[in-house]
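Colleague: I am new to reading protein models, and I would like to learn how one goes from a list of contacts to a picture. Could we look at one together, feature by feature?

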Amino acid sequence: MGTQPTTALMRKAYQRWAPVYDIVYDKLTEPAARAAVAAVEASGRRILEVGVGTGLSLGYYATHSEVHGIDLSEDMLRRAAEKVRRRTLGHVKSLQVMDACRLGFPDACFDAVTAQFLITLVPNPEGALDEMTRVLRPGGEIVLVNHFGQDEGALARIESVVAPLCARIGWSSDFKASRITGWAAARGLEPLPLQPVFPGGFFKVLRVRKPG
Ligand SMILES: C[S@@+](CC[C@H](N)C(=O)[O-])C[C@H]1O[C@@H](n2cnc3c(N)ncnc32)[C@H](O)[C@@H]1O
């Protein structure tokens with residue numbers, strides 16, 4: 001039973017977000033999404049995008065990539081499918097309704113897995129990361145993009161003040177990058193240095209390499 005109510009709430013929330021999502025987020029998230037796409041493409045052409053949403057990033061991939069997208073929300077995915085059709089994005093091989101914590105793909109079948117603006121929304125982030133690791137080939141990378149809260153320092157104090165405002169738009173500063181790096185260390189995976197991106201380093205790219 002554990003995560004089901006939250007998952008149902010998430011579907012409901014993105015049913016409401018879907019019609020206006022691109023208007024609000026397209027330009028704001030573009031530099032971060034482009035940085036994530038560049039990072040995953042450096043690992044190879046077989047790519048899984050978890051929580052692909054309305055497919056804002058799908059046009060940033062090279063045409064020789066083979067991209068599979070999954071998302072919990074049918075309403076968001078429908079918009080992604082429209083983009084694929086309208087822009088003839090032939091490199092997008094599938095779009096499927098799926099939970100990040102139960103990926104319906106075989107072990108080690110992707111060169112890279114990316115999740116953009118997803119991980120802080122998942123009730124069991126470590127479970128989702130374990131699934132991403134399972135479907136990733138040895139030597140491949142998980143590439144996350146998000147706003148991650150600071151552990152300490154002046155920025156951490158500012159974040160705690162603006163936290164209620166950020167929470168309203170879905171960017172919790174409670175979720176620290178150290179939660180991911182701690183998970184990676186416990187699994188014997190290699191976290192790479194955080195890459196700050198637009199706007200002003202508020203979003204960050206976090207890469208984790210699976211040993212080869
Ligand atoms: C903030 S949107 C980001 C969408 C897209 N990655 C982007 O950057 O535009 C978060 C997306 O994650 C999806 N999502 C939330 N929880 C999920 C889960 N457990 N499994 C798969 N997708 C999930 C939502 O339906 C939504 O489309």
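Modeller: Let us begin with arginine 78, which is partly exposed because its relative accessible area is 41%, and keep in mind throughout that this is a predicted model.

Colleague: Which residue forms a salt bridge with arginine 78?

Modeller: The general idea is that side chains of opposite charge can pair when their charged atoms come close. In this model the partner of arginine 78 is aspartate 75, and the closest N and O atoms of the two are 3.8 Å apart. The two residues are three apart in helix H3, which covers residues 74-86, so about one helical turn separates them.

Colleague: Where else is a pair set about one helical turn apart?

Modeller: In helix H2, glutamate 30 and lysine 27 are also three residues apart, and therefore about one helical turn separates them. Their salt bridge has its closest N and O atoms 3.1 Å apart.

Colleague: Is glutamate 30 buried or exposed, and is lysine 27 buried or exposed?

Modeller: Glutamate 30 counts as buried because its relative accessibility is 17%, and buried means under 20%. Lysine 27, with a relative accessible area of 61%, is exposed.

Colleague: How many salt bridges does a search of the whole structure find?

Modeller: The search finds 14 salt bridges. One of them joins the side chains of arginine 207 and glutamate 141, at 2.7 Å from N to O. Arginine 207 lies in strand S8 (residues 203-209) and glutamate 141 in strand S5 (residues 136-146), so this pair ties together parts that are 66 residues apart in sequence. Salt bridges that share partners join Glu141, Glu190, Arg207 and Arg209 into one network. As for cover, arginine 207 is partly exposed, with a relative accessible area of 26%, while glutamate 141 is buried, with a value of 4%.

Colleague: Which residue stands opposite glutamate 141?

Modeller: Opposite glutamate 141 of S5 stands alanine 112. Strands S4 and S5 pair in the parallel sense, over six bridges. Strand S4, made of residues 110-116, is mostly covered, since seven of its seven residues are buried. Strand S1 (residues 46-50) also runs parallel to S4, and four bridges join the two; here valine 50 has alanine 115 of S4 as its bridge partner.

Colleague: Which residues make the nonpolar surface patch?

Modeller: Val20, Ile23 and Val24 make this patch, which is about 280 Å². Isoleucine 23 has its place in helix H2, residues 21-41, and this isoleucine counts as exposed because its relative accessibility is 73%, with exposed meaning over 50%.

Terms used: Residues are numbered from 1 along each chain as its sequence is written. This is a predicted model: local features need pLDDT of at least 70, side-chain atom pairs count only at pLDDT 80 or more; totals for chains, interfaces and linings use all residues. Side-chain values use heavy atoms; hydrogens and water are left out. Patches are made of residues with over 30% relative accessible area and no salt bridge: like charges are joined within 9 Å, nonpolar side chains (Val, Leu, Ile, Met, Phe, Trp, Tyr) within 5 Å. Accessible areas come from the Shrake-Rupley method with a 1.4 Å probe; for residues, only the protein chains shown count as cover. A salt bridge is a side-chain nitrogen of Lys or Arg within 4 Å of a carboxyl oxygen of Asp or Glu. Buried means under 20% relative accessible area, exposed over 50%, partly exposed in between (1.4 Å probe, protein chains only). Two strands pair if DSSP finds at least two bridges between them.
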